[in-house]
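Please keep the sequence and the coordinates at hand.

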Amino acid sequence: MTQLNNKQKSYHRDDLRGDLLRAGRAYISEHGHHTLTVRTLAQTVGVSPGAPYHHFRDRRSLLLALARDGYEELTQKAVAAASSPGSPEQKLIALAMNFVDFAMTSPQLLELMYESELTSPSPDVTLLEYQNAGQSSLLAQLRSARPGDNEDEAGVRVLALWSSIYGFASLRRKQMIQMFEPQHMGPEEVARRTMTLAVHAALED
């Protein structure tokens, strides 16, 4: 009877989906996403092997949910940055720094979101919606700063800015640019200075 009750509890936890996502993020943070499986996650959370399938039909749907969780976190920070006091330039710098900070604190999750089986050969439709929303956040602030730009000009400037943001975050995450960073400046100061220059370049005539 006790064994049956424990099994029933494993299927009817109050927030099993949330527990699985939190455990999944912790696993990815330590090991990356490549070895994560539904069975591994079930063992980690302490439920039967079949319990997670009530929430995720397969490994890909689990990875998608974890990637969406990361995008939701980025989106919330972007909304906060866009609604905060300050000029469009200051908001663009805040948006850029949010992404760089996320890349440094959650590098393995960022890889899943942008450089994984979910994005090759093309991004999953669900993730593309988040990526488009992120671009729209940058575009809205750039249009506020440069209201006279036509659609093509604004688009190219956002493309240049996003390339700088993602390129810096990705190269730093892969530890490929630390040798070039000034030693007398802290990592955050280097990042802020770099993002400030990128924003200035995107806004200048």
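Helices (H or I, at least four residues) and strands (E, at least two) are DSSP runs, numbered from the N terminus. The model is predicted: local features need pLDDT of at least 70, side-chain atom pairs count only at pLDDT 80 or more, and totals for chains, interfaces and linings use all residues. Residues are numbered from 1 along each chain as its sequence is written, and side-chain values use heavy atoms, with hydrogens and water left out.

The largest pocket has a volume of about 510 Å³. On a 1 Å grid over the protein atoms alone, a pocket is an open set of points where a 1.4 Å probe fits, with protein on both sides within 12 Å along at least five of seven lines; lining residues have an atom within 4 Å of a point. Points are joined across faces, edges and corners, and the volume is the space filled by probe spheres set on them. Of the 22 lining residues, Y114, Q131, G134, Q135 and W162 lie nearest the centre. Helices α4 (59-83), α5 (88-105), α7 and α8 each supply at least two lining residues, and α7 gives the most, eight. The lining has 15 nonpolar, seven polar and no charged residues. In this scheme Ala, Val, Leu, Ile, Met, Phe, Trp, Tyr, Cys and Pro are nonpolar, Asp, Glu, Lys and Arg charged, and the others, Gly among them, polar.

How many aromatic pairs does the structure hold? There are eight. Rings of Phe, Tyr and Trp (its six-membered ring) pair if their centres lie within 6.5 Å; planes under 30 degrees apart count as stacked, over 60 as edge-to-face and the rest as tilted. The pair of Y114 and W162 is tilted, because the planes stand at 45°, with centres 6.3 Å apart. Y114 sits in helix α6 (residues 107-114) and W162 in helix α8 (residues 151-173), 48 residues apart. Y114 also pairs with Y166: the centres are 5.4 Å apart and the planes at 45°, so this pair is tilted. Y166 lies in α8 too, so the pair ties α6 to a part 52 residues away in sequence.

Buried means under 20% relative accessible area, exposed over 50%, and partly exposed in between (1.4 Å probe, protein chains only). Y114 is buried at 18% and Y166 at 17%, whereas W162 is partly exposed at 30%.

D149 is placed in the loop between α7 (125-145) and α8, and is buried at 14%.
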